[in-house]
Amino acid sequence: MKVALITGAAGGIGYASVEKFASEGYAVLAMDILPKEKVEDKFTKFNNVVYVAGNLASASDRENALKACLDAFGRVDVLVNVAGVAPKVRNDILEMTEESYDFVMDINTKGTLFLTQIVANQMLKQESDEAIKGYIANVSSCSAYTSSTSRGEYCISKAGASMITKLFADRLASEGILVNEICPGIIQTGMTEKVKEKYDNLIAGGLVPLKRWGLPEDCANAIFVLCSGALGYTTGQSIDVDGGMHIQRL
């Protein structure tokens, strides 16, 4: 049985990813910041999912998540970096605070970087009979390349996450570990609930060619394909899961 470690696992894209990998027969270590007692009911329906609470910004919590995965399942074959936060308050970039910048960057970029580092090192230690020894999938965002001046720290953090994908893809290609990412567009998650009316209007106005919100399952399906072995000659790639929003149109 292959093992996936998935962060941001209690909601949105993370939870949809847990459901997808579990349904495909994977064992899953699910990590999220929420206390276990608050989310335990969400995971009891799975036979091979272990939940661990932890803050991705904390080195000890990152190490604990990997240890919990190894204690439960003995290895890790897939890392899915979903966990991310938006600014607590949307401020014009001329008013953005260092506190807000640090909060977002510590989780979205620094946490993702250093969890990827320790998991990649674990993958390198493991024996494998397969040509591809491991898969890493990062959830970046259309905000990695699209300016949003009221949440500059988020855009910067996701641009950093995209570079993390390229760096690890480059470093690990010769080791047989594939690293790719998805860039979600407008997805129905807790992060977008507060601006639902804004995005409803933008979608109605034609921003998204497929004319609907994206669902967490749309993202989870793309993540699974990247980690399934179906794309064995693909690494360092970014896939837009945005209903065609990235298309430049006249």
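Colleague: Which residues form the negative surface patch?

Modeller: This is a predicted model, and every value given here is computed from it. Asp and Glu count as negative, and the residues of a patch must have over 30% relative accessible area and no salt bridge. The negative surface patch is formed by Glu 98, Glu 99, Asp 102 and Asp 106.

Colleague: In which helix is Asp 102 placed, and is Asp 102 buried, partly exposed or exposed?

Modeller: Asp 102 is placed in helix α4, which comprises residues 98-125. Its relative accessible area is 38%.

Colleague: Is Ser 157 buried or exposed?

Modeller: Ser 157 has its place in helix α5, residues 152-172. The relative accessible area of Ser 157 is 0%. Because buried means under 20%, Ser 157 is buried.

Colleague: Which residues does Ser 157 touch, when those up to four places away in sequence are not counted?

Modeller: A contact requires heavy atoms within 4.5 Å. Ser 157, in helix α5, meets that condition with Val 104, Met 105, Asn 108 and Thr 109.

Colleague: How many salt bridges does a search of the whole structure find?

Modeller: Side chains of opposite charge can pair when their charged atoms come close. For a salt bridge, a side-chain nitrogen of Lys or Arg must be within 4 Å of a carboxyl oxygen of Asp or Glu. The number of salt bridges found in the whole structure is 8.

Colleague: How many residues apart in sequence are the parts that Glu 19 and Lys 45 tie together?

Modeller: The side chains of Glu 19 and Lys 45 form a salt bridge, with N to O at 3.1 Å. Glu 19 belongs to helix α1 (residues 12-23), whereas Lys 45 belongs to the loop between α2 (36-43) and β3 (49-53), so the parts that the pair ties together are, in sequence, 26 residues apart.

Colleague: Which of these two partners is partly exposed, and which is exposed?

Modeller: Glu 19 has a relative accessible area of 26%, and is therefore partly exposed. Lys 45 has a relative accessible area of 52%, and exposed means over 50%. Partly exposed is thus the class of Glu 19, and exposed is the class of Lys 45.

Colleague: In which helix do Asp 200 and Lys 196 both lie?

Modeller: The side chains of Asp 200 and Lys 196 meet in a salt bridge of 2.7 Å, N to O. Asp 200 counts as partly exposed at 28% relative accessibility, and Lys 196 counts as partly exposed at 42%. The two residues are 4 residues apart, about one turn of the helix, and both lie in α6 (residues 196-204).

Colleague: With which residue does Arg 212 meet in a salt bridge?

Modeller: Arg 212 is partly exposed, with a relative accessible area of 40%. The N to O distance is 3.0 Å, and the partner of Arg 212 is Asp 218.

Colleague: What is the phi of Lys 211?

Modeller: Lys 211 lies in the loop between α6 and α7 (216-227). Lys 211 is exposed, with a relative accessible area of 69%. Its phi is positive, in a residue other than glycine, and is near 60°.

Colleague: What distance separates the C-alpha atoms of Ile 187 and Pro 216?

Modeller: Ile 187 is in the loop between β6 (177-184) and α6, and is buried at a relative accessible area of 5%. Beyond its neighbours within four places in sequence, Ile 187 is in contact with several residues, among them Trp 213, Leu 215 and Pro 216. Ile 187 and Pro 216 are 29 residues apart along the chain, and their C-alpha atoms are separated by 6.5 Å.

Colleague: What distance separates the C-alpha atoms of Val 3 and Leu 202?

Modeller: Val 3 lies in strand β1, residues 3-7, and is buried, with a relative accessible area of 2%. Its contacts, leaving aside neighbours within four places in sequence, include Tyr 26, Cys 69 and Phe 73. Val 3 and Leu 202 are 199 residues apart along the chain, and the separation of their C-alpha atoms is 39 Å.

Notes: Residues numbered from 1 in each chain as written. Predicted model: local features only at pLDDT ≥ 70, side-chain atom pairs only at ≥ 80, totals over all residues. Heavy atoms only, no water. Patch = residues over 30% accessible without salt bridge, like charges linked within 9 Å, V, L, I, M, F, W, Y side chains within 5 Å. Areas by Shrake-Rupley, 256 points an atom, 1.4 Å probe, with all protein chains shown as cover. Charge placed at Lys NZ, Arg CZ, Asp CG, Glu CD. Buried < 20%, exposed > 50% of the residue type's maximum accessible area, 1.4 Å probe, protein only.
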